[in-house]
Each structure stands twice: as C-alpha cells, then as structure tokens.
2 protein chains.
Amino acid sequence: METRELRYFVAVAEELHFGRAARRLGIAQPPLSRAIRQLERRLGVTLLERDSRSVTLTAAGAVLLREGRAALDAVEAADRRTRRAGQATNGDPGLVLVTKAGASSELLPKLLDAYAAEPDAVPVEVLLCGIGEQERLLRDGRADVALLHLPFDSTTGLDTEELVTEQQVAVLPAGHPLARRPHLRMAEVETLPGLPMPRWPRADGSYPDGPGPEVRDHAQLFQHIALGRAAVVLPESCRSLLLADLAAVPVPDAPAVTTVIAWPPHSRSRALAGLVRTATRL
Amino acid sequence: METRELRYFVAVAEELHFGRAARRLGIAQPPLSRAIRQLERRLGVTLLERDSRSVTLTAAGAVLLREGRAALDAVEAADRRTRRAGQATNGDPGLVLVTKAGASSELLPKLLDAYAAEPDAVPVEVLLCGIGEQERLLRDGRADVALLHLPFDSTTGLDTEELVTEQQVAVLPAGHPLARRPHLRMAEVETLPGLPMPRWPRADGSYPDGPGPEVRDHAQLFQHIALGRAAVVLPESCRSLLLADLAAVPVPDAPAVTTVIAWPPHSRSRALAGLVRTATRL
DNA sequence: AGCGGGCGATACCCGGCGGGTATCGATCCG
DNA sequence: CGGATCGATACCCGCCGGGTATCGCCCGCT
C-alpha cells in the first residue's frame with residue numbers, strides 16, 4: 001500500500017464525496033475513483049458504499065481511515081525528522097519542545113536553563129500551541145517532546161515521566177468578596193453569580209455553548225476576569241502570570257494537576273534522553 | 001514520501017550494500033541507486049555516505065531508518081487490520097490476542113471464558129509468540145491486544161491496564177536439596193552449583209553466552225530442569241504447568257511480576273474495549 | 001606496478017501506470 | 001419530464017519505475 005493511495009482514501013473518507021476530495025487533492029475526479037477502486041481490489045475489501053447519491057464508509061473503511069491517518073502521521077514524522085536531522089550540519093539536530101501557551105510558566109524556564117547547562121546540551125526550540133494539539137505535533141514529527149498536564153491532556157501512545165504535581169487555585173477579580181477567603185470549593189467556583197467559567201476552543205476551532213466568554217489564551221482570559229466577566233480554576237503556578245487586579249484562592253477539592261514530559265516512544269534520541277533526565281532531576 | 005521509497009531505503013540502510021539490498025527487494029541495483037538518490041534530493045539531505053567500497057549511514061540516515069521502520073509498521077498495520085475488518089462479513093472482525101507461549105497459563109483461560117460470556121463478545125484468536133515479539137506484532141497489525149509481563153516486557157507506546165501481580169518462584173528438580181526449603185534468595189538461585197539459569201533467544205534468534213542450556217519454550221526448559229541441568233525463576237502461576245518431578249520454591253526477593261493487558265493506543269475498537277473491561281474486572 | 005574483480009553511478013530504452021478530458025448512467029429535484 | 005449532480009467508464013498521453021549495458025573507482029592479489 002502506497003502513501004499516495006492512503007492520502008487519497010483518507011481524503012475521500014473525510015469528505016465522503018469524490019468530487020470534493022479530488023479538488024482537495026488537486027487532481028481530477030476520475031483518477032481518484034480509479035485509485036480507490038484499485039485499492040479496494042488490492043485489499044480485497046469494500047471500503048466505501050457508493051449510492052450514486054451519497055458515499056458512506058463500510059466497517060473496513062472506518063478501520064482504514066483510523067489506521068491510515070496514524071500511518072500517514074508516521075510517514076510525515078519520518079520525513080520531517082529526517083529533514084531536521086539533515087539540516088543540522090553540526091550533527092545535533094536540536095530538539096523541538098511543545099507546550100500549551102501560558103502553561104508551565106515557572107517550570108519551563110527552569111528546565112531550559114538547567115538543560116542548557118548540561119555538557120552535551122543541544123539547542124531547544126520552544127513551540128507554543130493550543131489546547132490538545134501537543135499529541136498531534138509529537139506524532140507527526142513537528143515536535144520531539146512536550147510538557148503535558150494531567151488529567152487534561154491525553155498521554156496515550158506516548159512515553160512520559162512525571163515532573164511536578166500542584167494544586168489548583170481559583171482566579172477571581174481582586175475586589176470580589178470571595179477573593180479574601182482562605183480557600184474555595186469547586187462547587188462554589190462553578191456557580192459564582194455573574195462570573196461564569198470561560199469557554200476554550202475545541203480541536204476544530206469551534207466553541208462549546210455556555211454563558212462564559214470565548215477565550216483563546218491566558219491574556220484574553222485574565223482580561224475577562226479583571227473586567228469581572230469570568231472566573232477560572234487553574235494550576236497554582238499560574239500565579240506568576242497574574243495581573244495586579246486579580247486574586248488567586250486555593251481550591252483544595254479541584255483535581256491536582258501533574259505536569260509530565262512526554263515523547264513518542266520510538267524516537268528516544270541521545271539529546272532527548274538528556275533533556276528528560278534533566279527534567280526529572282529538577 | 002512513498003512507502004516504496006521507505007522500503008528501499010530501509011533495505012539499503014540495513015544491508016549497507018546496494019547490491020544485496022536490491023536482491024532482497026527483487027529489483028536490479030541501478031533503479032535502487034537512483035531511487036535512493038532521488039529520495040535524498042527530495043528530502044534535501046544526505047542519507048548515506050558512499051565510499052565506493054563501503055556504505056555508511058549519516059546521522060540523518062539513522063533517523064530515517066528508525067522513523068521509517070515505525071512508519072512502515074504503521075502502514076503494514078493499516079493494511080492488515082483493514083483486510084481483517086473486511087473479511088469478517090458479519091461486521092465484527094474478531095480480536096487477535098498475543099502472549100508469550102507458556103505464560104499466563106492461569107489467567108488466559110479465565111479471561112477468554114469471562115469475555116466469551118459477555119453479551120457482545122467477538123471471537124478471540126490466540127497467538128503464541130516468543131520473548132519480546134509482542135510489541136512488534138501489535139505495532140504491525142498482526143495482533144490487536146497482548147498480555148505482557150512487567151518488568152520483562154516493554155510497554156512503550158502502548159496503552160495498558162494492570163491485571164495481576166504475583167511473586168516469583170524458583171523451579172528446581174524435585175530431588176534437589178534446596179527444593180524443601182520454604183523460600184530462597186535470588187543470590188542462592190543464581191549460583192546453584194551445576195544448575196545454571198537457561199539462556200533464551202534474543203530478538204535476532206541468537207543466544208547470549210553463558211553456562212546454561214539454550215531453551216526456546218517452557219517444555220524444553222522444564223525438561224532441562226527435570227534432567228538436573230538447569231534452574232529458573234518464574235512467576236508463581238507457572239506452578240500449574242509443572243511436571244511431577246519439579247519443585248517450586250518461593251523467592252521473595254525476586255522482582256514481582258505484573259501481568260498487563262496492552263494495545264496500540266489508536267486502535268481502541270468497541271470489541272477491544274469490551275475485552276479490556278472484562279480483563280480488569282477479573 | 002599491473003591487473004582483475006567488486007561495487008556504485010551513469011546512460012539509455014521500454015512498458016505500465018497515474019493523470020487528464022470527454023462522456024455515460026443513475027438518481028434526485030423542481 | 002428536463003436539468004443538475006455525481007460517480008463510473010472510455011480513451012489518450014507523458015512520466016517514471018524498472019531493466020540491461022557499461023563506466024569509473026578502488027582495493028587486493030601476485
């Protein structure tokens with residue numbers, strides 16, 4: 001099975017429409033139809049049910065969509081990591097570390113400083129991404145290592161080491177009556193009158209329904225809180241980012257957040273091993 | 001990057017010889033040379049250093065060998081799993097469970113029985129393999145789920161659930177003086193005069209050096225022990241397999257063995273989820 | 001030093017296949 | 001019933017993957 005065939009099939013399976021898929025792939029529709037038929041013949045399996053008015057996936061087609069995406073990611077990762085390894089003329093391709101923008105604001109500089117002081121350190125590029133994008137970036141080779149935050153991020157298919165665990169705090173406008181309380185319960189924070197929890201974008205860019213403001217990053221979020229339009233529960237390390245007119249109150253019954261360093265299991269290079277070792281010793 | 005190019009490069013990188021690699025691939029040498037050159041041009045990276053007398057991998061080539069193997073495994077897995085999903089006309093492709101031959105001899109039948117009693121159970125094919133082969137079989141799609149034994153097997157890149165933890169026992173000839181002791185220490189078992197530990201094959205089929213007999217499975221192993229030529233430390237569930245003239249003595253300071261059920265993270269089908277749920281409830 | 005052999009690179013040819021255009025056949029809609 | 005939509009089919013072309021022949025280089029043997 002060639003990656004071209006996989007790309008074609010994934011396009012059709014996602015669009016469920018040969019014409020649109022062909023346009024997306026930049027080819028005409030007939031060669032695409034033929035390629036899919038040929039793939040089905042070679043596999044001996046019907047992947048799509050064509051109804052001349054609609055295209056639907058068979059059970060086998062759903063399997064190939066899932067497995068094919070993973071395979072294409074792996075091929076793409078091989079391509080990208082090889083290019084990177086080749087461009088680095090000095091022999092050490094450097095590392096790309098990815099983390100959510102605004103998270104681990106205390107840990108990350110400490111880690112980078114400590115690692116840079118190691119004898120065989122390589123340059124580390126830091127990539128900031130949105131919620132839930134890290135796993136994808138690791139799998140398709142755009143990043144080598146990530147800082148993830150349990151229980152929010154998934155670590156399936158990744159190797160991990162735990163770094164730190166911290167409690168969470170509620171972030172409120174400084175003048176709010178509850179801001180002077182020694183601690184709050186989750187139930188109290190979730191039902192603050194006039195201070196709904198913000199809504200973060202999903203993987204596809206859309207926002208869930210709800211009363212809270214739509215936010216894309218911590219700057220937006222803190223602005224909304226300072227304006228008295230929202231409240232939020234965050235790991236306590238976010239305190240270092242707080243504006244002057246915001247207050248943080250511990251929420252002991254919120255789930256503890258564990259920061260882990262994660263990497264794709266088959267790509268443990270010497271440089272990566274050094275970074276992980278440094279991280280676990282912090 | 002096409003899988004054909006990857007297969008070609010992996011062959012050359014493994015053989016470090018264009019002629020042999022071409023023979024292995026069933027093509028002539030010139031097209032292979034050209035394909036590799038073309039791959040290097042497209043990646044903009046030198047993968048191999050040709051010395052007209054020997055071929056060596058560059059750093060980038062080593063990266064592509066590692067990542068390319070993983071990518072080819074993923075493509076192969078997509079192919080195999082799709083074929084299996086299509087052949088199962090009833091819609092449920094069944095599951096392939098792999099475990100080391102001779103291990104989990106108590107747990108496995110219980111698991112299969114319990115799962116078969118579930119309302120939406122699908123047929124489970126059991127595949128027995130050698131030491132350390134399970135991860136490969138999961139990654140390239142020949143199996144869907146495995147029983148692994150920590151700390152011996154690696155679970156990197158797999159999702160797992162712990163099932164049972166057990167102590168280990170020393171297996172000795174029934175007449176051996178130490179066979180009547182209530183327990184032994186690791187140090188004692190490792191230095192039994194005339195009873196060396198057996199040697200298991202490595203991934204490439206070769207055997208490590210040492211005094212013990214070469215064994216490929218438990219039947220061979222137990223025969224050697226019964227003949228008074230070897231001793232071994234195994235999880236205590238192996239007791240159910242013991243021949244009459246063998247004795248098992250607990251070894252409290254041997255590392256505990258944890259049996260886990262493991263599966264590739266991206267392929268959690270409904271049937272697989274049911275099997276895992278059944279396993280964790282045993 | 002000279003020569004032969006092994007190995008990768010190059011030159012050149014051919015056939016198959018991937019991609020294009022034109023068109024058909026079926027189905028749904030107004 | 002006619003037009004529109006969409007996938008399948010028919011047919012053609014150009015590229016590229018694969019083959020054979022050969023070169024150039026370097027090592028090792030004598």
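Q: What do the buried residues of helix 1 of chain A pack against?
A: Within chain A they pack against helix 2 (18–25), helix 3, strand 1 (48–50), strand 2 (55–57) and helix 4 (59–87), and across in chain B they meet helix 1. Helices (H or I, at least four residues) and strands (E, at least two) are DSSP runs, numbered from the N terminus. This is a predicted model, in which local features need pLDDT of at least 70 and side-chain atom pairs pLDDT 80 or more, while totals for chains, interfaces and linings use all residues. Residues are numbered from 1 along each chain as its sequence is written, with chains lettered from A and ligands numbered from 1 in the order in which they are written.

Q: Which residues of helix 1 of chain A are called buried, and what makes them so?
A: They are A:Thr3, A:Leu6, A:Tyr8, A:Phe9, A:Ala11, A:Val12 and A:Ala13. Over chain A as a whole, 36% of the 282 residues count as buried.

Q: How do you know that the reach of helix 1 of chain A is close to what is expected?
A: Its 13 residues (3–15) reach 18 Å from the first C-alpha to the last, close to the expected 18 Å. The expected span is 1.5 Å times one less than the number of residues.

Q: What does chain A look like overall?
A: Chain A has nine helices and ten strands, and its C-alpha atoms fill a box of roughly 70 × 55 × 25 Å along the principal axes.

Q: How many residues does each chain bring to the contact between chain A and chain B?
A: Chain A gives 34 residues and chain B gives 34 residues; two residues are in contact if their C-beta atoms, placed from the backbone, lie within 7 Å. On the chain B side, helix 1 (3–15) and helix 4 (59–87) each give two or more residues, and helix 4 makes the largest share, with 19 residues.

Q: Why are strand 8 and strand 9 of chain B called edges of the sheet?
A: Three strands of chain B form an open antiparallel sheet in the order 8-7-9. Strand 8 (232–235) and strand 9 (246–250) each have a single partner strand, so one side of each has no neighbour in the sheet. The twist averages 40° from one strand to the next.

Q: What makes strand 7 and strand 9 of chain B a pair?
A: Pairing needs at least two DSSP bridges, and five bridges join strand 7 (168–173) to strand 9. The two strands therefore count as paired. Across them, B:Val169 stands opposite B:Pro250.

Q: Which residues come nearest to DNA strand C?
A: Of the 16 residues around DNA strand C, the nearest are A:Ile27, A:Ala28, B:Phe18, B:Pro30 and B:Ser33. To be near, a residue needs its C-beta atom, placed from the backbone, within 6 Å of the strand. Helix 3 (29–43) of chain A, with helix 2 (18–25) and helix 3 (29–43) of chain B, each supply at least two residues of this surface.

Q: Which residues are closest to DNA strand D?
A: DNA strand D is surrounded by 16 residues, the closest being A:Phe18, A:Pro30, A:Ser33, B:Ile27 and B:Ala28. Helix 2 and helix 3 of chain A and helix 3 of chain B give two or more residues each to this surface.

Definitions and conventions
A residue is buried if 20 or more other C-beta atoms lie within 10 Å of its own, exposed if 12 or fewer, and partly exposed in between; C-beta atoms are placed from the backbone. Axes are lines fitted to C-alpha atoms, for helices over the stretch in contact, and angles run from 0 to 180 degrees between N-to-C directions.
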